[in-house]
Amino acid sequence: MALGAGPEDESEAEALAGGCAFEAFGESAETRALLGRLRTLRGDPAAHEGALERFRVIMDKYQEQPHLLDPHLEWMMNLLLDTVRDKTSPADLVHLAFKFLYIITKVRGYKTFLRLFPHEVADVLPVLDMFTDQNPKDHETWETRYMLLLWLSVTCLIPFDFSRLDGNLLTQPGQSQMSTMDRILQIAESYLLVSDKARDAAAVLVSKFVTRPDVREKKMACFLDWSLCTLAHSSFQTIEGVIAMDGTLQALAQIFKHGKREDCLPYAVTVLQGLDGCRLPNSNQTLLRKLGVKLMQRLGLTFLKPRVAQWRYQRGCRSLAANLQPSTVNPPTVTTQAESPDDAEDYDVPEEVETVIEQLLVGLKDKDTIVRWSAAKGIGRVAGRLPKELADDVVGSVLDCFSFQETDSAWHGGCLALAELGRRGLLLPSRLADVVAVILKALTYDEKRGACSVGANVRDAACYVCWAFARAYEPQELKPFVASISSALVIAALFDRSVNCRRAASAAFQENVGRQGTFPHGIDVLTSADYFAVGNRSNCFLVISVFVAGFPEYTQPLIDHLVTLKISHWDGVIRELSAKALHNLTPQAPEYMASQVFPRLLSMTQSLDLHTRHGAVLACAEVALSLHRLAAQEGRLVTDFLDEKMVQGLREIHQQLHERQLYRGLGGELMRHAVCILIENLSLAQMPFKGDPIIEGWQCLINDTLRNLHLISGHSRQQVKEAAVSALAALCNEYYRTESGEAVPAVQKELMKQFLAMLQCSEEMTRCGFSLALGAFPGFLLKGHLQQVLCGLAAVTHISPEDVSFAEARRDALKAIARVCQTVGVSSEGAADQGLCQQNVAGVYDSLLACLRDYTTDSRGDVGAWVREAAMSSLLDLTLLLAREQPDLIEAAICKRVLCGLAQQASEKIDRFRAHAAHVFLALLHPEGPAIPHVPHRAELELLLPRSEVASVNWAAASQAFPRVTRLLALPTYRYHVLLGLVVSVGGLTESTVRYSTQSLFEFMEGIQSDPKALEDFSGALLQVFEDNLLNERVSVPLLKTLDQMLANGCFEVFTTEEDHPFCTKLLTLCKEEIKKSKDVQKLRASIAVFCGLVPFPGGVRKKVLLQLFLLLCHPFPMIRKTTAGQVYETLLTYGDTLDADALEEALTVLSNTAWDAELPLVREQRNRLCDLFHVPRPQLVPKDRGS
């Protein structure tokens, strides 16, 4: 389960897991009651819809286990058919019953449901008569027609001639009615051409009806003639033509499936010719092509006598238990049966069979899977009736699909056909050598097309072939191929890009282990690489492969596959995983890797193909590092594995790429990334390159990469930047240090000069790169230059007008500061250039704390949040470091600023950053190591936020975070900062954040209503927040919304007992200052609400508030005038008892009857009436200074 999943997620997962684990039809009683009261719902469409929807919900639960319905199908059908047969049932009720029947049929399948329909002789005519009331064009009642056709198809099976039902057809002289046979055929033909699902049922009806002996003699030829004419006159390029051809082809396929061979054979050639004339392979309609293939195979089976091929391969004992017996037991001897002369006699194969097989082979290459699958099944069925030589020719034709000139569709169809032939015993052991060869190719088939590849379906089908072969052949038949098949399946299960293919390969391997019992270490491999384990691709490449490679039979095939195919894969993630996998597999075969694999990889680094080149460089880096670690464990050098030629090859990789200008362009991004990893790993491997000119080349590449990060595409920029920084750190550690552990002076001076200068570059990405690079410097390079580095990074964190949007640079500079501090450590008595001490720690804290106030926004949103997050992380790292090494350097004032800043961030509106702030706050309050000194209100904090909440609370959830954060409002030190963050949340836009933050704030306010001192302190802090953030849109607008809600909720009702209370007086002053000359509609509307909330406060402040509201009644914006009028009206209604009754009545009339969006002179007149009513001085127009 994902991290942070709550109880609701767990219960949902359990429900999903148990959703297909029913033991019986649990809703039987409810269903019986539902069906029983259908008659009471007549004439109520809403009740019909409700009952139908409930029944659909019940039935859909059993889609995965429909067999559980079987004991209940009969009584459900009887209840519904009783309604249908009742002559008094209205039409809408009959249609509803058929809808219920259709839902049952959909879940259980019509074949199972079909035999339960009543099929007495007495049912034929009533069912036929029901068709007279049906309208084939009524799209609301298609379920009725569908079920009636199915019912009619069952009644057609009565064992009596239909002519007995006709009686005397002559009703009057010269007139006759249609026979029952003609009526049924007419219905069937008409419904084969409709556009709804009734067409499918009509095909079933035709197959049952036309193949009856009495109907066959009289009507079969006519129906086939009608069908062929319909096909001939229909075009698959029109919708009507497609519908007609679909129904006709379904009917023909069903007839040739269910009819007797001797009855259908006389018409087979004619139908085949008609089918050829349709040219269905050229159609773009998948279903028509599938039906064409389906009919073609049925025609082929009609041409051939039904017989079981005596030459087929027959496997005897298929018991898993027998297969798993010890090998001392003699295996059963099972051979193919020889064809006797009697079997060979009269084995004439019609010429038309060749046409059928040819069309089926074409179907194997169709672009759609369902067509290929139908063709594969047809190949298997037809081949089973052919003589041995002809069947072998068919196998040869199928093998021709596996040519690299063929498309992936042909390969896929070929695999399906081979599996079908093998499953039926039609693929003789003599052909296994050819077949296994192509299947091994298919298991790794991957053809690149543009930016992706095709072939996953081919590899999946190849796994199916291996699965089928495991069940089809005796172990001794497959024994010569066990090594190649087992290795190929293990490779597919571990290294295939597609999770479906990995799981298919795992299943095929498991089947072979169980059925064959000859796969090496089969049980051990399956234990680690089962169906579920191979679902995680990284786990397959990096963990399971190491275990499997521990078995000698699989070691070399795994390595060779990675080098041959995966290192040059089109997907960059696969190439990187393959390189890491080779790193992990190196200890399994170090000599083979060094002597055979490494030279191949070196030659591939100069390939013309970008992907091959990139993967080979990554692989060289990983294998070299792995060989070094292996050598170090044995007390040897890496050069003991790699000879001078290979070392020279590694040295020349960068130079050769540089000379060929392969670091430029889009491919250059990949190569820079790969070579940076190569530099890092060769440095970690301690390659003997110290003093070599190649070191300068590597440094130039790193510098150039960091300098030109802005030219690298956004999706790979971060990856390249991190690789370059890691490479620089490893390079400096290995090659820029003297024997005594000091930095090489000239190199140190030059690097510092270059990197510090680049911190002021005008490109943001360049600042990012060099900031992180300085942070990655080892301690010996920073020694003596620490103050310069800290000052340079601090300068990057400062916001100036020209780089205000450089949020990413500030973020990376903060990360670098924290990393530098951890690298140099604490040196309280040392110089400022040696480590953290009294002289520089305050400056570092100032830089970090200043970034907590970075609220920069641009087109990407609140980009300052990245900076604040990095600042919080850096503050945590720095403070824990100082507490661990030198707690005296943490001053009380600094600790207070840190925790207050974190408390503010923990109460703000963005879930992710609020959670991060809370985790940092709790990590400082409850550290794993020594306690942080000078934490304000430590004892109270430990009670309010106990250690148990560190891991148990989901701080990203507003419902859990805000009730805890608002507890800090009771602590004077944190109150101002928590309020500053909280008002942004309460006045925000996100529904859940606003709801829970508001609820938590009101609960706190309710708790201090009886404490005047606490209420005074709180209101003073709230006004101080307002005063400090005047005209700061980020805070002031949400603050006005917060004040509106607090005033409306009566949070300051205590102050209404005192006239002109300082709180309302100062609040009015601040609001006036905030909206002065403002044109921000959102701010103005929020201030209107606050002014209305101040009306209940008595004294002179009320008239001042009313004056502000009356001023807004004549605001230049009509929207503001209307909003003000509406809110003043509501306020007067609510608090009118404090005003004169007569004046109130007239004021309400003026407010409601005036069109406040009219012209200003008209509005101003009504406003002045209100001023007079409330004894508020009329506002005077101030003439503009014309000289200004």
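The charged end of Arg-636 sits over the ring of Phe-641, 4.6 Å from its centre. Arg-32 does likewise with Trp-75, its charged end 4.0 Å from the ring centre. Here a charge sits over a ring if NZ of Lys or CZ of Arg is within 6 Å of the ring centre and within 35 degrees of the ring normal.

This is a predicted model: local features need pLDDT of at least 70, side-chain atom pairs count only at pLDDT 80 or more, and totals for chains, interfaces and linings use all residues. Residues are numbered from 1 along each chain as its sequence is written, and side-chain values use heavy atoms, with hydrogens and water left out.

The structure holds 30 aromatic pairs. Rings of Phe, Tyr and Trp (its six-membered ring) pair if their centres lie within 6.5 Å; planes under 30 degrees apart count as stacked, over 60 as edge-to-face and the rest as tilted. Phe-117 and Trp-151 are stacked, 5.7 Å centre to centre with 20° between the planes. Phe-117 lies in the loop between α6 (110–114) and α7 (121–130), and Trp-151 in helix α8 (residues 142–155), so the pair ties together parts 34 residues apart in sequence. Helices are DSSP runs (H or I, at least four residues), numbered from the N terminus. Both Phe-117 and Trp-151 are buried, meaning under 20% relative accessible area (1.4 Å probe, protein chains only).

The ring centres of Phe-495 and Phe-541 are 5.0 Å apart and their planes are at 40°, so this pair is tilted. Phe-495 is in helix α24 and Phe-541 in helix α27 (residues 537–549), 46 residues apart. Phe-495 is buried at 0% relative accessibility. Phe-541 is buried too, with a relative accessible area of 0%.

Conventions. Helix = DSSP H or I, 4+ residues; strand = E, 2+ residues; numbered from the N terminus. Buried < 20%, exposed > 50% of the residue type's maximum accessible area, 1.4 Å probe, protein only.
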